[in-house]
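Please look over the sequence and the model shown here. The report below goes with them.

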Amino acid sequence: MKLLLLFMGFWTFFSCQSNKRFIPVAEHKKAEIESGGRIRKFIYFAPRNTDKSLPLIFLLHGGGGSGEGMLYLSRFSDLAEDNGYIVVYPDGTKGRWNDGRNLPFSAADREKVDDTAFFRDLTNYFQSNYRVDRSRIFVAGISNGGLMTQKLLCEASDIFNSGYVVASTTSTVIRDNCLLNQPVSIGFIMGKNDDVIPYKGGTIRIPTDPTKPNQRVDAGNVLSYQESLQFWSEKLECKNKSETLKPKMGAYFSKSLPYTKYVNCLNEVRVEGFVIPRGGHIWPHGFYYTNEKNYGYLSEDLDTREVLLDFFLSSKPKEQENKIVHFRD
């Protein structure tokens with residue numbers, strides 16, 4: 001009986017911890033700015049207490065997605081009030097980011113949209129309207145958003161402290177063109193069974209029709225997961241590597257997750273990566289909603305939101321030059 005009560009106590013504690021109130025779209029703000037001659041839209045959540053400088057987190061949707069869709073998938077806003085950060089879900093151009101692969105079917109690529117400039121403009125928008133901690137600005141994304149995350153770290157390392165990449169590795173374009181001006185931390189979460197962006201590297205294969213998963217189009221080439229970690233660790237001159245196993249969330253008798261970490265890098269930044277042995281092309285523990293009878297979480301491997309928040313909020317603040325920022329009333 002005591003064992004049963006103890007188990008129920010643990011279950012109650014963890015279920016209460018993980019079931020924070022969902023912040024609906026209505027409690028977010030929708031806005032738009034002009035960037036590169038285009039009107040760019042985004043949705044965001046800012047805590048009520050903005051008396052102190054807050055970290056700023058950008059979350060990037062995958063190809064064919066939207067900022068609002070990323071809001072639902074990640075549920076990052078749910079923890080923003082308690083942890084004190086602003087979270088932004090921008091829209092790409094017709095559902096895509098120009099991450100440099102020059103894809104003929106992507107409007108963002110064909111029209112040569114400067115998404116790096118867009119994020120510089122977005123950062124200026126939030127610095128002008130909120131008290132943003134300029135030393136703690138972060139970006140994360142899934143798939144096409146994960147590739148764009150890496151491009152932003154390469155082209156705007158003066159802005160971003162850290163980035164996290166989900167369901168993606170490093171493209172050969174990024175490998176060949178990345179010029180870091182300042183050190184940045186970076187993390188990866190990659191499934192071994194990803195059928196879009198291959199874990200072992202090679203050609204990305206994107207479904208052209210959700211109802212016909214076997215009809216696919218080539219979408220550029222990527223490094224393997226291990227090669228991606230190696231690329232970034234060398235770029236950041238990391239000296240020490242460790243490989244361990246991390247327990248899966250809520251799973252008592254399941255295989256642990258391979259975890260790699262590089263430390264002693266430039267300016268005390270970090271490189272890390274999680275492998276989901278049976279994982280596909282998903283945001284682990286992402287929330288999905290099909291209808292009132294079909295909704296829930298995508299997996300119990302790990303809680304992506306918790307991994308990213310721990311990585312971001314524990315990062316060493318980025319050194320910044322003194323700059324006057326004007327706040328609006």
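## Overall chain

This is a predicted model. The protein chain has 329 residues, and 49% of them are buried. Its secondary structure consists of 9 helices and 14 strands.

Among contacts in the protein chain with a separation of 6 or more, 67% are between residues 24 or more positions apart. The accessible surface of the chain is about 16600 Å², and carbon and sulfur atoms hold 50% of that area.

## The second largest pocket

The second largest pocket holds about 690 Å³ of space. Its lining is made up of 31 residues, and those closest to the centre are G62, G63, I142, S143 and H281. Two or more lining residues come from each of helix 2 (67-74), helix 6 (144-155), strand 8 (202-207) and strand 13 (287-291).

Sorted by class, the lining of this pocket contains 16 nonpolar, 10 polar and 5 charged residues.

## Enclosed cavities

Empty space left among atoms is shown by rolling a probe the size of a water molecule over them.

The model has 3 cavities of 30 Å³ or more. The largest cavity has a volume of about 100 Å³. Its lining consists of N161, S162, P183, S185, N267, E268, V269, R270, S315, K316, P317 and K318. By class these are 3 nonpolar, 5 polar and 4 charged residues.

The second largest cavity has a volume of about 50 Å³. V166, A167, I189, M190, G191, I276, G279, G280, I282, P284 and D301 line this cavity. Strand 7 gives the largest share of the lining, 3 residues. The class count for the second largest cavity is 7 nonpolar, 3 polar and 1 charged.

## Helix 8

Helix 8 covers residues 225-235, and its buried residues are Y225, S228, L229, F231, W232 and S233. These buried residues pack against two helices, helix 6 and helix 7 (172-177). They also pack against strand 7 (185-191), strand 11 (257-263) and strand 12 (271-276).

In an α-helix, residues three or four places apart point the same way, because there are 3.6 residues a turn. After helix 8 comes E237, which has a positive phi near 55 degrees.

## D194

Where in the chain does D194 lie? D194 is in the loop between strand 7 and strand 8. Its relative accessibility is 7%, so D194 counts as buried, the cut-off being under 20%.

Apart from residues up to four places away in sequence, D194 touches A167, G279, G280 and H281. D194 and G280 are 86 residues apart along the chain, yet their C-alpha atoms are separated by 4.0 Å. A polar atom of the D194 side chain lies 2.8 Å from the backbone nitrogen of V196.

## S74

S74 belongs to helix 2. Why does S74 count as buried? Its relative accessibility is 4%, and therefore S74 falls under the 20% limit for buried residues.

The S74 side chain reaches the backbone oxygen of M70 at 2.8 Å. With residues up to four places away in sequence left out, S74 touches L59, Y89, W283 and R305.

Technical notes
Residues are numbered from 1 along each chain as its sequence is written. This is a predicted model: local features need pLDDT of at least 70, side-chain atom pairs count only at pLDDT 80 or more; totals for chains, interfaces and linings use all residues. Side-chain values use heavy atoms; hydrogens and water are left out. On a 1 Å grid over the protein atoms alone, a cavity is a set of points where a 1.4 Å probe fits but cannot get out, and a pocket is an open set with protein on both sides within 12 Å along at least five of seven lines; lining residues have an atom within 4 Å of a point. Grid points are joined across faces, edges and corners, and a volume is the space filled by probe spheres set on the points. Helices (H or I, at least four residues) and strands (E, at least two) are DSSP runs, numbered from the N terminus. Ala, Val, Leu, Ile, Met, Phe, Trp, Tyr, Cys and Pro count as nonpolar, Asp, Glu, Lys and Arg as charged, and the others, Gly among them, as polar. Buried means under 20% relative accessible area, exposed over 50%, partly exposed in between (1.4 Å probe, protein chains only). A polar contact is a pair of N or O atoms within 3.5 Å; within protein, one must be able to donate a hydrogen and the other to accept it, and residues adjacent in sequence count only if both atoms are side-chain atoms. Contact means heavy atoms within 4.5 Å. Accessible areas come from the Shrake-Rupley method with a 1.4 Å probe; for residues, only the protein chains shown count as cover.
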